[in-house]
Amino acid sequence: MRAAIILFPGTNRERDMAIALERASGRKPALVFHRETELPTGTDLVVLPGGFSYGDYLRSGAMAAHSPIMAAVRAHAARGGLVLGVCNGFQTLIEAGLLPGGLLKNATLRFLSMDCILRVERSGTAFTNHWQQGATFRAPMAHGDGNYFADDATLDRLEGENLIAFRYVDEHAQPTSAANRNGSARNIAGIFSPDLRICGLMPHPEDLVDPLMGGVDGLPMFESLAAA
Ligand SMILES: NC(=O)CC[C@H](N)C(=O)O
């Protein structure tokens with residue numbers, strides 16, 4: 001699997017992401033600067049990592065979505081190439097119109113830095129193959145704008161077409177409001193595009209891929225991608 005990680009001014013999770021991808025696939029990902037207009041030949045997976053692109057000015061991810069490299073990312077997605085966006089990367093995919101909805105300020109109006117529990121709402125995809133349907137795992141989150149929002153018609157479509165990737169749940173695997181710290185609609189933590197080739201989520205699976213990090217809960221995502 002050949003992966004390319006896109007770097008915007010203010011991105012800060014590219015090294016974590018590179019370590020996770022290399023650990024699962026045995027291959028170092030390419031780092032591609034936002035000013036580039038082409039992806040490396042043979043790129044299978046494009047990753048938009050977390051951070052504070054353009055200082056979160058305007059809206060988180062809004063300016064990154066207009067970077068020169070994004071035309072190549074769109075073309076890659078249109079060809080059916082895999083795209084993963086984590087946290088600021090998810091925000092950027094939404095701002096680029098590649099995933100539906102919006103990411104509002106956390107309901108608490110505070111930056112949230114803590115672990116959460118995610119439930120795998122759809123196994124059997126390039127991003128989730130190595131989890132059982134309904135499996136739960138721990139993932140760190142660190143964001144100010146993670147409150148997923150969409151109108152009811154969009155939320156109904158996402159549910160009806162089985163495009164919810166992950167939900168925030170409690171220790172009993174239930175999607176309670178207490179488990180939903182940022183206030184996301186219907187406890188949604190991550191979603192897929194209709195062709196299941198694009199996935200965006202707010203928490204950071206790449207930050208739990210080694211026992212030295214405190215666990216390997218996030219590794220199945222990268223093992224799934226490596227085998228895709
Ligand atoms: N960890 C991140 O990617 C943070 C995303 C974004 N800057 C926010 O605070 O919402």
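**View 1. The E10–E11 hairpin, with its turn.** Strands E10 and E11 make a hairpin, and five residues sit between them. Look for Leu196 in that turn: its phi is positive, at about 65°. Keep in mind that this is a predicted model. E10 covers residues 188-192, while E11 takes in residues 198-201. The two strands pair antiparallel, with three bridges between them. Ile191 is the residue facing Gly200 of E11.

**View 2. Strand E10 and its pairing with E9.** Besides E11, E10 also pairs with strand E9, residues 164-169. Here too the strands run antiparallel and are joined by three bridges. Ile164 has Ile191 of E10 as its bridge partner, and Ile191 also stands opposite Gly200 in E11. E10 is mostly covered, with five of its five residues buried.

**View 3. Leu93 in the largest nonpolar core.** This core has 66 residues, and the ones touching the most other members are Ile6 and Leu93. What does Leu93 contact once its neighbours within four places in sequence are set aside? The list runs Leu48, Val83, Gly85, Leu98, Leu99, Ile198 and Gly200.

**View 4. The shell around the ligand.** Gly50, Gly51, Phe52, Asp56 and Ser60 are among the residues surrounding the ligand. Cys87 and Asn88 belong to the shell too, as does the run Ala142, His143, Gly144, Asp145 and Gly146.

Definitions and conventions
Residues are numbered from 1 along each chain as its sequence is written. This is a predicted model: local features need pLDDT of at least 70, side-chain atom pairs count only at pLDDT 80 or more; totals for chains, interfaces and linings use all residues. A residue is near a molecule or strand if its C-beta atom, placed from the backbone, lies within 6 Å of it. A nonpolar core is a set of buried Ala, Val, Leu, Ile, Met, Phe, Trp, Tyr and Cys residues joined through C-beta atoms within 7 Å. A residue is buried if 20 or more other C-beta atoms lie within 10 Å of its own, exposed if 12 or fewer, and partly exposed in between; C-beta atoms are placed from the backbone. Two residues are in contact if their C-beta atoms, placed from the backbone, lie within 7 Å. Helices (H or I, at least four residues) and strands (E, at least two) are DSSP runs, numbered from the N terminus. Two strands pair if DSSP finds at least two bridges between them.
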